[in-house]
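Please study the sequence and the model shown below before reading on.

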Amino acid sequence: MAGVSLIVLLLAALHLSDATLRFASYYGDHMVLQKSPQRAVLWGYGPDGEKVTVYLSGPILQKVSSVPVKEGIWQVTLDPVEAGGPYNVYAISQSSACNLTDVLFGDIWLCGGQSNMYFNTSAVSVVADFSAVCWLFGRYMYDKLQYPIGLVESCWGGTPVEAWSSPRALKQCGLNQSEDNSMMKSTVLWNAMIHPFLNMTIYGAIWYQGEANAEYHQDKYNCSFPAMINAWRMGFHQGSGGQTALDFPFGFVQLSTYKNGSADDGFPEIRWHQTADMGFVPNSRMKNTFMAVALDLPDKTSPYGTIHPRDKQDVAHRLTLGARAVAYGEKNVSFQGPFPKEIMLKENSIIITYDKAVSVASSKNIFEICCSEKKVSCETKSIWLPAAIMDWNHTSIRLFAGSCPSSEVAALRYAWRDWPCEFKACPVYDIDGNLPAPPFITNKYSADQNVWKRI
């Protein structure tokens, strides 16, 4: 009977006149709020001085202690709610009331970036006008988790990472907050499209961006991207009153392709910088992150331009694998392609041993070496020579390195091109042929020299 009385009270409250009480604009009917163990945050606007009480009606009944409206804003934190629903949410003050209907509880993922995240589902033949990568990621995660997944799309085409970064993040990387460029003013999207969401409790975020930085502050991206992630984490943690984890999982898409045959280093450099120059994630500078490699998914005939490949299904699937392993701790999920753990020089050959079993196809030029008599590190602008794949076994590849004496081999790189291979046809994948090896560059005379051996 108590539940029935509560419902009658709530229904009567909705007939209060002058409905000045309201939820913030991004709360609406049929939405998903963050499930337990986190606590969802609700906020909105109302008359100063009044008190707002929030009720949750559905599989369970919940009443939240009254909170005052201060400077026209009220905010409450619900008790933890298990996945499921549906619920109705009522906010009631002395003078008015408002409500949300058909609300579910699950995990909330924020999807951000530029045009490849904005790329709509209508372009890949599924329903709804929404980010294709975001929607497909949510669908695949729902198929696995079997509870609601809420998606928040916040993206803008042609934008650099600086536009999405807080002033503090820019300062950490020696970037000027007031700097303008032809694409977007620094911090403008942090202020307009991220900051308004900070009070929301979220589970994680996925990101597809980097194309704009191939020609803008490219050399800073190994700092600016990790700094942006950290700024988002701090902002959401503080804005939600500690409900969003300070290290919430962050997934991203490593850049796909743009110009076939191009010798420009912009895309290869950004791919490397997306990993904080380590080649893989998670790593010591990018903890609790995961990456979908996409350099093997070019689209020569995309009607949206080659910079916008249409295959978002594989991108979302690879993100899902990373989320399952990193964000949800699922064991025995392969989510990364093979990465070198040891490089050995032997006369006219180089033997690369990988951290997992590999599937290999022949290539004359996907690997390249840099020679140096002075025992100094090579840069991307150095002279690089092809090192053909000679043979391989289930964990290693042997390259021909006769272009220079083995004692002068100073560096090795893989897939260091804008368009390194055709669709799903790069030479190195995991043993199942599903996950491509990410690009890498390694110098014998630098911090990564510990992977180099001589026999």
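**A covered helix, the cores and the disulfides**

The buried residues of helix α7 pack against α6 and β22 (440–443). Here, contact means heavy atoms within 4.5 Å, and buried means under 20% relative accessible area, exposed over 50% and partly exposed in between, with a 1.4 Å probe and protein chains only. Helices (H or I, at least four residues) and strands (E, at least two) are DSSP runs, numbered from the N terminus. The model is predicted: local features need pLDDT of at least 70 and side-chain atom pairs count only at pLDDT 80 or more, while totals for chains, interfaces and linings use all residues. Residues are numbered from 1 along each chain as its sequence is written, and side-chain values use heavy atoms, with hydrogens and water left out.

Helix α7 spans residues 266–273 and is mostly covered, with 8 of its 8 residues buried. Among them are Phe267, Ile270 and Trp272, and also Glu269 and Arg271.

The next topic is the nonpolar core, a set of buried Ala, Val, Leu, Ile, Met, Phe, Trp, Tyr and Cys residues joined through side-chain atoms within 4.5 Å. In soluble globular proteins, nonpolar side chains tend to be buried together. The largest nonpolar core of this model has 73 residues, and those with the most contacts inside it are Trp207, Trp232, Phe250, Ile350, Phe367 and Leu412. Helix α6 (residues 221–239) gives the most to this core, namely 6 residues. Another core lies apart from it and has 32 residues, including Met117, Tyr140, Ala316 and Leu321.

How many disulfides are there, if a disulfide is a pair of cysteine sulfur atoms within 2.5 Å? The count comes to 5. With bonded cysteines counted along the chain, the disulfides follow the pattern 1-2, 3-4, 5-7, 6-8, 9-10.

One of the disulfides is formed by Cys111 and Cys134, whose sulfur atoms are 2.1 Å apart. Cys111 lies in strand β8 (residues 97–113) and Cys134 in helix α3 (residues 132–145), so the pair ties together parts that are 23 residues apart in sequence. The torsion about their S-S bond is about 65 degrees, and the disulfide is therefore right-handed. Both Cys111 and Cys134 are buried.

Another disulfide joins Cys370 to Cys378, with 2.1 Å from S to S. The link of Cys370 and Cys378 is left-handed, with -80 degrees about the S-S bond. Cys370 counts as buried because its relative accessibility is 3%, and Cys378 counts as buried at 5%.

Cys371 is joined to Cys404 by a disulfide, S to S 2.2 Å. Cys371 lies in strand β16 (residues 367–371), whereas Cys404 lies in the loop between β19 (396–400) and β20 (409–414), so this pair ties together parts that are 33 residues apart in sequence. The torsion about the S-S bond of Cys371 and Cys404 is about -80 degrees, so this disulfide is left-handed. Is Cys371 buried or partly exposed? At 26% relative accessibility, Cys371 counts as partly exposed, whereas Cys404, at 6%, counts as buried.

A further cysteine, Cys155, is in no disulfide; the nearest cysteine sulfur, that of Cys134, is 7.9 Å away. Cys155 has 8% relative accessibility and therefore counts as buried.

Notes: Disulfide = S-S within 2.5 Å.
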